[in-house]
Amino acid sequence: MRTHLNPLTLVRNFGILAHVDAGKTTVTERILFATGTTHRRGEVHDGTTVTDFDPQERDRGITIFAAAVSCTWEGHRINLIDTPGHVDFADEVERALRVLDGAVAVFDAVAGVEPQSESVWRQADRHGVPRIAFVNKLDRAGADLDSAVDSIRERLHPAPLVVQLPIGVEGGFTGVVDLLRMRALVWADGAEAAELMPVPGELYDEAHRRRRLLEEAVAELHPAALEEFCADGRLSAETLAAALRDLTRSGDGLVVLCGSAYRNRGIEPLLDAVVSYLPSPLDVPAVRGTAEGAEEVRPADPTAPFAALAFKVNATPTGRLTYLRVYSGTIEKGDTVWDAVAHRTERVGRILRVRADRHAQVDRAVAGDIVAVAGLKSARAGSTLCAPGAPLVLEPPGVAEPVVSVAVEARRSIETGRLASALARLVEEDPSLVVRTDPETGQTVLSGMGELHLEVATEQLRRVHALEVNVGRPRVSYRETVGRGVSGLVFRHVKQDGGAGQFAHVVLDVEPADSGFEFRSAVVGGRVPQEYVRAVEAGCRDALAEGPLGGHPVTGLRVTLTDGSTHVKDSSDTAFRTAGRLGLREALRACAMVLLEPVVEVTVTVPEEAVGGVLGDLAARRGRVSASTARGGSAIVTATVPLAELFGYATRLRSRSQGRGTFTARPIGYAPAPAGMSAG
């Protein structure tokens with residue numbers, strides 16, 4: 001009797017995650033080549049890649065926008081998202097991780113775990129995304145698989161399960177030993193496929209030793225494997241593969257493969273591992289959403305009511321494309337769907353199978369698919385699209401607060417309207433950008449995640465929208481916090497201007513807190529009714545928008561409502577909300593306030609002879625060095641530096657290191673600014 005195979009078991013939705021320059025995009029290009037999706041190998045340095053198709057990506061040689069591609073391997077449909085590695089585009093990674101079932105983490109065989117590798121790993125941890133690892137660039141001088149695996153174990157804390165042994169070192173790297181099947185895969189120069197052969201004699205003992213270590217590590221983590229290991233003293237290849245699949249999907253183990261994407265060595269085994277170990281849409285928990293205030297679960301079933309999450313919007317020359325992850329049901333060309341966020345219906349014009357900037361039209365998409373849809377007018381990243389008769393709201397991806405701002409204006413006043421439209425389009429495509437008007441200067445202010453993020457956005461205005469713009473000097477987003485609080489501050493809001501008046505009396509205590517904003521009521525005897533207490537809290541939250549030092553948002557405080565009184569006729573929610581807002585503003589003026597500035601952890605890599613100048617420069621930028629190590633003729637310096645001091649640092653670093661220095665930065669929060677510093 002034949003069993004019916006659910007087609008969803010043959011789908012893999014995964015992303016490529018890594019630090020900038022670890023080789024993510026080259027891995028993606030080699031996957032497209034290996035699967036027959038492209039017929040020549042795209043190169044980042046030549047600007048011929050499929051996924052880095054934006055002109056700025058090709059100019060800068062980095063991934064800026066997450067790009068989706070679809071291909072097939074061994075009968076499986078693979079939907080792959082190549083994500084950015086630069087910290088300024090971490091929100092693109094966040095939106096991709098929200099819709100993926102698995103990921104391949106790419107590591108540099110020389111550098112091992114780098115700062116942004118760690119950041120994207122933690123992002124994947126938060127989303128519970130199963131991962132396998134690919135240690136890339138084994139052909140480079142100084143490449144060492146074991147030291148890269150050690151850094152994964154020490155800094156990321158998974159249990160690495162290495163399933164391959166490299167054949168050859170550095171420039172002599174030619175292939176790998178498959179430790180499951182105990183065979184060698186060797187790629188000749190220029191060859192498009194691996195040649196299978198026995199394990200080389202000089203590696204025979206080492207391969208068997210590593211196979212034994214793999215069996216022992218798996219048996220420690222997997223009960224069924226332990227049972228077989230204790231009974232037989234070894235594990236079969238089938239048991240190993242099944243256990244590795246379980247450990248990957250539970251997150252208890254990390255399968256590690258290796259290769260050189262640039263030389264096209266190791267890509268086919270990586271694809272085999274994606275198919276063997278990463279989950280299908282059926283293997284991950286069914287998506288949860290809310291319907292009319294109650295939680296509802298939608299299974300990955302093409303016959304269930306339709307539900308999808310929009311994770312990216314892209315304006316193309318031919319119209320607006322909305323990228324969807326379909327979680328349940330089926331969508332067909334011409335269907336009407338309900339946008340549960342905008343509360344309006346939308347009509348699906350075309351459904352496209354995606355390959356970065358090129359697309360193939362399809363008639364339908366089913367649960368588990370990642371597709372682009374043309375014709376939607378209001379959907380934004382984070383919107384839920386669902387069947388009109390079965391509404392559902394899915395949790396949208398989180399959006400980080402911007403930390404850097406620039407003023408932008410059209411060079412010609414006649415183009416001010418066009419600039420406003422272009423900025424609205426940018427924000428629509430990238431929710432981590434924020435546009436506002438400065439109430440004091442009337443300037444249009446564009447805010448984002450970093451200097452490069454804003455550079456890219458303003459360059460988009462010039463290239464895509466053909467606008468000439470003036471851009472001001474970058475400014476960071478400061479915060480204010482309470483250094484020393486006040487207690488017993490009395491505030492009365494009394495307003496009488498004919499008719500019903502307004503009356504609210506509150507007594508507030510304000511004290512420092514570790515983070516955020518806390519509000520509590522200590523009122524006894526019902527002197528302030530509960531509905532008015534909630535109004536006071538809402539008013540206090542309103543007051544946090546602008547602090548007394550420079551009008552910056554206020555954080556890190558606890559407010560306690562200790563007493564108050566009401567008027568039988570004139571008290572209302574509005575009156576108490578006003579009293580909460582104005583009362584907390586007055587209290588903050590009486591507190592000792594502290595200005596907070598954003599700080600980042602900087603990792604600088606320079607030749608050893610240039611390290612002295614770099615350390616001096618970091619000290620001049622108010623940097624605090626936390627570590628300095630040497631590796632292969634280079635010095636790696638880690639320091640905490642105020643973000644405001646890093647503007648223009650890339651140029652300065654190049655001049656101090658004869659163009660050989662590089663640095664990465666990742667946000668780590670806020671710290672008190674020096675006394676007397678102005679951030680107005």
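# Cores, strands and ring pairs

Me: How many of the 11 residues of α9 are buried?

Reply: The model is predicted, so to speak with care: local features need pLDDT of at least 70, side-chain atom pairs count only at pLDDT 80 or more, and totals for chains, interfaces and linings use all residues. Residues are numbered from 1 along each chain as its sequence is written, and side-chain values use heavy atoms, with hydrogens and water left out. Helices (H or I, at least four residues) and strands (E, at least two) are DSSP runs, numbered from the N terminus, and buried means under 20% relative accessible area, exposed over 50%, partly exposed in between (1.4 Å probe, protein chains only). α9 is largely enclosed by the rest of the structure, because its buried residues number nine.

Me: Which residues have the most contacts inside the largest nonpolar core?

Reply: A nonpolar core is a set of buried Ala, Val, Leu, Ile, Met, Phe, Trp, Tyr and Cys residues joined through side-chain atoms within 4.5 Å. The largest one here has 50 residues. Helix α9 (residues 267-277) gives the most to this core, with seven residues. Inside the core, the residues with the most contacts are F14, I31, V104, I132 and V218.

Me: What is I132 in contact with, leaving aside its neighbours within four places in sequence?

Reply: Contact here means heavy atoms within 4.5 Å. The list for I132 includes A103, V104 and A105, residues that are buried in strand β4. It also takes in L270, A273, V274 and Y277, buried residues of α9.

Me: Where is S280, buried or exposed, and what does S280 touch?

Reply: S280 lies in the loop between α9 and β12. With a relative accessible area of 1%, S280 is buried. Not counting residues up to four places away in sequence, S280 touches L8, T9, V11, R12 and D101.

Me: How many residues of β4 are buried?

Reply: Look at both faces of β4: G102, V104, V106 and D108 on one side and A103, A105 and F107 on the other are all buried. So strand β4 (residues 102-108) is mostly covered, and out of its seven residues the buried ones number seven.

Me: How many bridges join β4 to β5?

Reply: Two strands pair if DSSP finds at least two bridges between them. β4 pairs with strand β1 (residues 11-18) in the parallel sense over five bridges, and I16 has V104 as its bridge partner in β4. Strand β5 (residues 131-136) also runs parallel to β4, with V135 as the bridge partner of F107. The number of bridges joining β4 to β5 is six.

Me: What handedness does the β-α-β unit of β33, α12 and β34 have?

Reply: Strand β33 (residues 517-521) runs parallel to strand β34 (residues 557-565), joined by five bridges. S521 stands opposite L561 in β34. Together with α12, the β-α-β unit is left-handed.

Me: Is the pair of F107 and W121 stacked or tilted?

Reply: Rings of Phe, Tyr and Trp (its six-membered ring) pair if their centres lie within 6.5 Å; planes under 30 degrees apart count as stacked, over 60 as edge-to-face and the rest as tilted. The whole structure holds three aromatic pairs. F107 and W121 have ring centres 6.3 Å apart and planes at 45°, so the pair is tilted.

Me: Which residue has its charged end over the ring of W121?

Reply: A charge sits over a ring if NZ of Lys or CZ of Arg is within 6 Å of the ring centre and within 35 degrees of the ring normal. W121 is buried, as is F107. At 4.4 Å from the centre of the W121 ring sits the charged end of R131.

Me: Is the pair of Y532 and F576 stacked or tilted?

Reply: Y532 is buried, with a relative accessible area of 14%, and F576 counts as buried at 0%. Their ring centres are 4.8 Å apart and their planes at 10°, so the pair is stacked.

Terms used: A crossover is right-handed if, with the strands pointing away from the viewer, the path from the first strand over the helix to the second runs clockwise.
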